[in-house]
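User: I've got a model to go through with you. Can we start with the strands and then move on to some side chains?

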Amino acid sequence: MFIVNAKEMYDIDRYTIEEIGLPGKLLMENAGREVFRNLLPLVDETDRITVFVGAGNNGGDGFVIARYLLEAGFDVNIAQVVPDEKIRGDALEHKQILLNSGWKVRTTEIEELDGLLNSTDVIIDALIGIGVKGMIREPFASIIEKINGSNAKVISVDIPSGLPADEGVQVDLAVEADYTFVIGAAKMTAFLPATSEYYGKWKVVDIGFSRKTIGKFTNRKYYGIKELKNTLPKRKISSHKRDHGKGLLIGGNASMPGAITISTRAALVAGAGLITAATLKENIPIVAS
């Protein structure tokens, strides 16, 4: 799994569109469809869903998600929180597709939020993307505060709105999501203690970026259990413990056998064939057991 900052993600998106030839409108369609597909297990047929849409690509993803939800028969309100002139480019095209399909988009004012949220079971957060820096401006600050104060389940698109993608950027105010479907590649703040909690449970969804393209702009990767297992040697059924390494651990102060005991067990679990633990005599029964 690749990990990117905001600039790297923008570069990957631009290169995919300009050099590889995948149109931005197609990538946005892919993003919305994949988020829709992954969020289906999280919603019930009776849920009342509000999709909060801002400007930019994040808002465009929101229009696509809303269209798929509506076509699937869900009860959906699409709350556009920016003026029409702020919706441009690929996002505008997908808004028009939504309208051409017979659905409606409502421009929502701050005064309407309380009533809207009181009748909402699930919030789709497609307000602000990854390029956040500095203070969150209105109307987004008030909207985020009201989302965080609601009882609805919150699902963020790509990143919780208001949260930066980059390490070391001060967080002013951000959506506290229950789930986040990250677009294309994991963002750095998903791994940092001060910011990871905003994501809730999260998953990266593939929208068509090639691994080689992502690798051109970052070599930062997540090294997890799967990657670790791939490095482990395969053992023959007929192998002997001496075929897999011998180790010596020395430690354990008087009446303090914890560290040597844990370390010895860890070495065995990690795959060492034969381990000798050298410790004080009074610790031996504890380590042996």
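Analyst: This is a predicted model. Strand β2 (residues 48–53) pairs with strand β3 (residues 75–80) in the parallel sense, over six bridges.

User: Which residue in β3 stands opposite Val53?

Analyst: Gln80 stands opposite Val53.

User: What is the strand order in the sheet?

Analyst: The order is β4-β3-β2-β5-β6-β7-β9. These seven strands make an open sheet with parallel pairing.

User: And which strands stand at the edges?

Analyst: β4 (106–107) and β9 (201–205). Each has a single partner strand, so one side of each has no neighbour in the sheet.

User: Switching to Leu116. Buried or exposed?

Analyst: Leu116 is buried, because its relative accessible area is 5%, under the 20% cut-off. This residue lies in helix α5 (residues 113–118).

User: What does Leu116 touch, leaving out residues up to four places away in sequence?

Analyst: Leu116 touches Thr50, Phe52, Asn77, Ala79, Arg106 and Thr108.

User: How far apart are the C-alpha atoms of Leu116 and Ala79?

Analyst: They are separated by 9.1 Å, and the two residues are 37 apart along the chain.

User: New topic, the surface. Which residues form a nonpolar patch there?

Analyst: Tyr223, Ile225, Leu228 and Leu232. Together they have about 430 Å² of accessible area.

User: Where does Ile225 lie, and is that residue buried or exposed?

Analyst: Ile225 lies in helix α9 (residues 225–231). Ile225 counts as exposed because its relative accessible area is 59%, and the cut-off is over 50%.

Methods. Residues numbered from 1 in each chain as written. Predicted model: local features only at pLDDT ≥ 70, side-chain atom pairs only at ≥ 80, totals over all residues. Heavy atoms only, no water. Patch = residues over 30% accessible without salt bridge, like charges linked within 9 Å, V, L, I, M, F, W, Y side chains within 5 Å. Areas by Shrake-Rupley, 256 points an atom, 1.4 Å probe, with all protein chains shown as cover. Salt bridge = Lys/Arg side-chain N within 4 Å of Asp/Glu carboxyl O. Helix = DSSP H or I, 4+ residues; strand = E, 2+ residues; numbered from the N terminus. Buried < 20%, exposed > 50% of the residue type's maximum accessible area, 1.4 Å probe, protein only. Contact = heavy atoms within 4.5 Å. Pairing = 2+ DSSP bridges.
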